[in-house]
Structures are given as structure tokens and as C-alpha cells.
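Reader: I would like a close look at a single part of this model, followed by an account of what else can be said of the two chains. Please keep it plain.

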Amino acid sequence: MSVEDLNPREREGVIHPEVRARSDESERSQDGGRLQHAEAASKPIRAPKVREPQPRGAKTRGDRPINQAEAAERFLAAPLHQAAHDERLWDLRKKRDASAHGIPEWEELRELASQIKTHTLSHLDRYLEQFEAAAKANGVHVHWAKDGADHNRIVLEILRSHGAKTLVKSKSMLTEECGFRHHMAANGIEVIETDLGERIQQLDNEEPSHVVAPAVHKTRMDVAEVFAKTLGTDPDNDDAHYLAESQRETTRPYILKADAGMTGCNFAIAETGSVVTCTNEGNADLSGNVPPLQIHSIGIEKIIPKVEHLGVFIRLLSRSALGSPITQYTSHFRAPRKGTEMHMVLVDNGRSERLGMEEFWTSLKCIRCGACMNTCPVYRRSGGLSYGATYSGPIGLIIDPTFNKRKYSTLPFSSTMNGSCTNVCPVKINIHEQIFAWRKVLVEEHQIPALKQGMMKAAGAVLSRPAAYRAAIGAADSALKVLPRFAVYNPLNTWGKKREMPEAPRQTFHAWYKQNRMKDTGR
Amino acid sequence: MSARDAILTGIRRNRPTGDFPLPEVPLFTPLVGDDLVAEFGERLKRMGGRVAEPGTDDVFAGVRERLDAATVIASAVPELTGNRDLRSVRYPQEVEDVDVALVRAVFGIAETGSVLFTEGQLIVNAVAYLAQHLVVLLDPADIVPNVQAAYRRPEFGRSAYAVLHTGPSATADIEGVLIHGAQGVRSLTVLMLPRSA
């Protein structure tokens, strides 16, 4: 090993294909086995080196309903991106399965997590007060924000009172929800994202497309193009190591000179007043430990009662998200460092309202692992940006309409209702049932176009009567067999476009059961 | 009405009613065998970390190469003297040129290969991220079997900052390619060394 190996900065000028130090240990473990912790793929997934322009996300126009199908169509029309995206996320889903099956108490953990969240949410006022009292006793400044604008105003005030002009932050879905970066830019505060994926998205002026892997819809060529334009890297060098190293080297000066640091919050512990963050890069720890002023933005639903409950969630989170037993860093921020200030902002932004929605409040249990997105066939084939919302994929379908019923009225229809999202959810949210419930609500409130309304009314009538449902299923399966292709693969059935419809079983399960089992029992 | 009152009032008006008791969290049977040191090492390696055994003549033999290649060494442990005194650091930014930092872990977790630090061990919290490489001393007697057992430890309730490190800083945000040293340390090596009495 040489000094050069220790400090790749000494190797500038060495370009494609191999910029990594000779002793780079990323791919192999000490014993020579292939490593696949953190977000790593279990096998190389390389988009072919053919330049295909990156498909962009949904077009948003004020409150007008998002046309997810239109954006999805453009994603599907970029086969290299679509294939790499699908492959990559399905790989995460498989890693999640392997990891979950490795723990005998997996189902028990899911049940515990669900119960802890249900208990906490139904006593949220009490736990928030306990959290606030504990944090204050730790010397932390606690703030409450009714909505996103309130959050941004509070943070801006904190920054201004310290004369702070630059802020480094780690990834936070909450701050995306609040439009934080845009607001700060408009007020002369320079905000630098420090998570690699989030930084790529910031430099490309795009929202994150996935809660865990913000730039998962981009190929390395897309990243090379963004970095060449914004960081001045070699446009022809698309080596992931070179690109990641370039981001590290250009971000570090910002971390060192930043006036303030900010993190989001994965879990907030009422008992101790601690904010817990889970990252692989260590960027939340840099944001929280280097600048003299630290701010933690907390969604009020992130509260859990005690430290001992954290074990349940930590064991579920990264396994569900990435198939890794734990993130590289699990950080517990409780009190300020000597001579520095620590602020926590508790943000509602529609959560207390959602708590009162009988069919939808359990969506507040979400721990943002992204498992429902990775497993969703619609998400994998359309990309997160096609949803035109902060939250995409199955969890997005049931959260987004709570923020804006008109704008996100079409999203609950972007689902095949296969229920896989519900099956992988670590806190047991009945996601697909809530998607269906949203469809009903949106139809009743006339938020969706007449055509889909007709389909929904028919579906609602059928589903409310079991006998009619069974007759309809029988008819639909037969229809698949006799209808001409144009009737099945028509524009009303967006998801039929790029996939073949399943072969209809000769007999439905119910018909088979009635014919065989009921006969056996003499009925 | 203040935002605080508005939020709490909203929650009291809307919160679901019903009996939703807080469940007891069991400790669970450890997923690891009785040899916690071996299990810990095995899992740490899978998370990209390295394990070093103390040499007979030189306890630091396993990381000697790394230490010899370093220009700036910051040691937070009495077993080795570096050339950057962490106790005299006034601002975290001062440790940005550290090549290798040495820290003692409070404990390790066999289930995941994680080690815990608090501000007490790190002296300057930022050194565990700004340094290029991290060498961690862990007493084999300080390994707990699983995550659940770790969260029964008192450090989480009394430290200003407590952090579990599991291997080095990592990312795979570009096409799933695993890269160590995303923003933090490029490598993490755990040296199994009992605490000196």
C-alpha cells in the first residue's frame, strides 16, 4: 500500500477505465467474496453503452391532474432505461426476500412494528409532548411547523439569526415535501445535498425518483453527462467510481465551510428526545457533526416511544429496503456538541389531518423503506418521476391524494392491484386496499374523468355483491380468450401495452372449489 | 393559536380511538452461534469491513501497513500515539486531513458486525467521517449477540451522540455499483484487542 492508495486525490489525471486505487476494497470482502451490502446490486447491472436520452418525468401544470400514463409511456419508450431500472429494483426486491427469509422472527417483527406504530399514532399528542420535553431538557431548541411553508420559514429564521448562508444536508423526503431547497434558493441560502443520489438529482434540477435511491432511474451515462456539465468531469468517463469520487471531492469543501447542517429523521424517540438517521454514506453524520449549527427536520409521525422499540425497526428497515441487515450508519443525535446549537423542527404538513381519515390513517406508519416501490410492476416499468409527486409507487398512490386530491386524483389508478406491496410492507400497511378505497373516494367526489368513473361504478357494483363478482370474474377470464387483441390491448388498459395479459385459467378457483370440494362434503 | 397548539389540537380531534396497547418487545433468540467473535467478524466482512488480529510482537501488526502509509494519524486510544492530538482540536474542520483515525468501540453487535461509538470515544465526532480510514479497537468481551440486546444498553439514553458503524461509508447510487468511501471513511478495520486494565 502506498500514500497514493490512501489518497486518490494524488491520482488526478488518471482516467477511464480504472480510476480506483489498486487496493480498492469495494467489490470484494477481506475473504474474497463478492460484497453486496448497502444499495449494491447482487450482480453487475450495466446499461449497454449506447447513449439513450433520459426520459423525463410527468409534466405538472398547477393543480391539473397528473397524467402518469403519459409519462410512463415515455419511460417505456426508452428501453435501455426501462430495462436497467426494472432489473435494478427487482434485484433489490430479491435481496429483500433473501434477507427477510434469513430471520425466523420476520413476521413477528412486522407485527410488532405495526403494533408499535398503531399504538404511538393513537397516542401521538402524548408522545410528541414527551419528545419535546426530553429534547428541551437535552438543551435542544424545539420548533413546531404546521405545514411546509411554516417549516421553511422557521429554518430560514434560524439560519438568518446565525448569519448562516450555506447549508449542507442529508437526504430527507420531508424537506422534498416542503419544497425546502427551492425556498432557500429564493432567499439566498445555498443548499448542498450530500447524498450521492440526491446530489445527482439536485445538479440535474430533478426531484428524487425513489425514496431510498433517488437517481435509480438514471444510467451511469446520464450521471456522467450531468457531472460533466455541472462539476466539469470528463464527459466520456462514465465509470461509477470516477463519478462517485468526483462527487466526494467536490462536496467535501462545502461540508467543511458550511454554516449549518441539516438532516431528516428516520425515527424520533419520545423517551430520550433523540433523532435517529439511517444512512450508508455517513453524510448525515457529516451534516450533523461538522457545521456549528445543526437542524433536524422531523415528520411528527416518526415518533416511537422508547429506545428498545428502535431494535424492531432497525432490523426491518434496511432489510426491507436493500436486503442489507443494517445501514452502514445508524446515528442517534440527542444533544448538541459543546459550543454548538441544535434545533429540531416538528412538522405536521397534513399528518394530523390524515390521522382522522378512517380508511387511510395507517399510511402514517410508513418508514420509507421503498420495498413497495421495488416490488411494484407499474413502478418498475414507469419510473418514479412519472408520478409527478414527492412520493411515488404504491405508498405514493395512497399518500399523495392527501396533499392534493385533484392533482393526484389519477394516481390510485396506476396499480394492477396485485397486492405485492402489502405483502412486503414492513409495518403491514394494507396498501392495495387503500388504493382501492381511494378510487372509490375519488369517484364519489367526482375527481376522476367520466370514462374511468363508469368503469369504477361497474367495479363497485360488482365487488359489493359476491355472486356478481364471481360471475364477472368468470366472464372476464373467458373474455380474455375470445376478445380480439385490440379489445384487450386498448388505450383504456394502459398496463396492457407492454405486457401480455395473463393466460386465463380454464376454471376460476371458486368454480373449481364448488365443483370439487363442495361436492365432496355433500353440499 | 400557536402551531404547537394547532397541531396537538388537530391530533386530539383526529386520533384513532380504540385499544391499541404497546406490545412487549422480546429479546429474540440470537441468530448467531456462541462464538460471538467469529460471528461478528464474519458479518462485518460481509458489510465491507475488515478484521485484524493483534500480532504477538506488535499488536498493530494487522494495520501496520495502513499506519505506515499514513501522513496524519489521529488516535483517540491510549494504545497508540498519533501525530494529531484530538484533545486540542477546537473545530471539527481541523481533522479533515487525517489519513487514519483510531477509536475504541463501546461494544460490537454480532448479528450485524456493527460497532458503537459515542462522543466519549470519538473526542471529535467528525474524525470518524472526515478521516480517510478508520481503525477500531474492540474488546472481544464487549460483543452483544443482537440488535435487540444492543438497544437495552444505556449509552443511547445518555450520550449526546451515539452511532453504530457497520463497515465503511458506502454507496451504490450509480447503477448499483458498490463504492466504499462515499462521503465518509474509505475503509473500516476492527482490531480485536482487549481493553488495557
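How many of the 11 residues of helix 2 (residues 36-46) of chain B are buried?

Author: This is a predicted model, in which local features need pLDDT of at least 70 and side-chain atom pairs count only at pLDDT 80 or more, while totals for chains, interfaces and linings use all residues. Residues are numbered from 1 along each chain as its sequence is written, with chains lettered from A and ligands numbered from 1 in the order in which they are written.

Eight of the 11 residues of helix 2 of chain B are buried, so this helix is largely enclosed by the rest of the structure. Buried here means that 20 or more other C-beta atoms lie within 10 Å of the residue's own; 12 or fewer make it exposed, anything in between partly exposed, and C-beta atoms are placed from the backbone. Helices (H or I, at least four residues) and strands (E, at least two) are DSSP runs, numbered from the N terminus. The buried residues of the helix are B:Leu36, B:Glu39, B:Phe40, B:Gly41, B:Arg43, B:Leu44, B:Lys45 and B:Arg46. Their cover includes strand 1 (50-52), strand 4 (107-109), strand 7 (143-144) and strand 11 (187-192) of chain B. Just after the helix, B:Gly48 has a positive phi of about 90°.

Chain B also touches chain A, through 75 residues of chain B and 91 residues of chain A. Two residues are in contact if their C-beta atoms, placed from the backbone, lie within 7 Å. On the chain B side, the largest share, 10 residues, comes from helix 1 (residues 3-14) of chain B. That side has 36 nonpolar, 24 polar and 15 charged residues; Ala, Val, Leu, Ile, Met, Phe, Trp, Tyr, Cys and Pro count as nonpolar, Asp, Glu, Lys and Arg as charged, and the others, Gly among them, as polar. The two chains are also joined strand to strand: strand 9 (residues 329-333) of chain A runs antiparallel to strand 8 (residues 161-165) of chain B, with five bridges between them. Strands pair if DSSP finds at least two bridges between them. In this pairing, A:His332 is opposite B:Ala162.

Within chain A, six strands make an open, parallel sheet in the order 1-10-7-4-2-3. Strand 1 (141-145) and strand 3 (190-193) of chain A are at the edges with a single partner strand each, so one side of each has no neighbour in the sheet. On average, neighbouring strands of this sheet are turned by 20° against each other, direction ignored. Strand 1 of chain A is joined by five bridges to strand 10 (residues 341-347) of chain A, with A:Val142 opposite A:Met344. Strand 4 of chain A has three bridges to strand 2 of chain A, where A:Lys169 faces A:Met262, and three bridges to strand 7 of chain A, where A:Gly261 has A:Gln294 as its bridge partner. Strand 4 of chain A is covered on both faces, with A:Ala260 and A:Met262 buried on one side and A:Gly261 and A:Thr263 buried on the other.

Helix 6 (residues 148-161) of chain A lies across strand 1, strand 2 (166-169), strand 4 (260-263), strand 7 (293-299) and strand 10 of chain A, at about 170° to strand 10. Axes are lines fitted to C-alpha atoms, for helices over the stretch in contact, and angles run from 0 to 180 degrees between N-to-C directions.

In the loop between strand 10 and helix 14 of chain A is A:Asp348. A:Asp348 is buried, having 27 other C-beta atoms within 10 Å. Neighbours within four places in sequence aside, A:Asp348 is in contact with A:Ala145, A:Lys146, A:Asp147, A:Ile300 and B:Ile7.

Two loop residues of chain A remain. Most residues other than glycine have a negative phi. A:Ala38, however, has a positive phi of about 50°; A:Ala38 is in the loop between helix 1 (3-6) and helix 2 (68-76) of chain A, and counts as buried with 29 C-beta neighbours inside 10 Å. A:Arg368 also has a positive phi, near 60°. A:Arg368 is in the loop between helix 14 (351-354) and helix 15 (371-375) of chain A, and is partly exposed with 19 other C-beta atoms within 10 Å.
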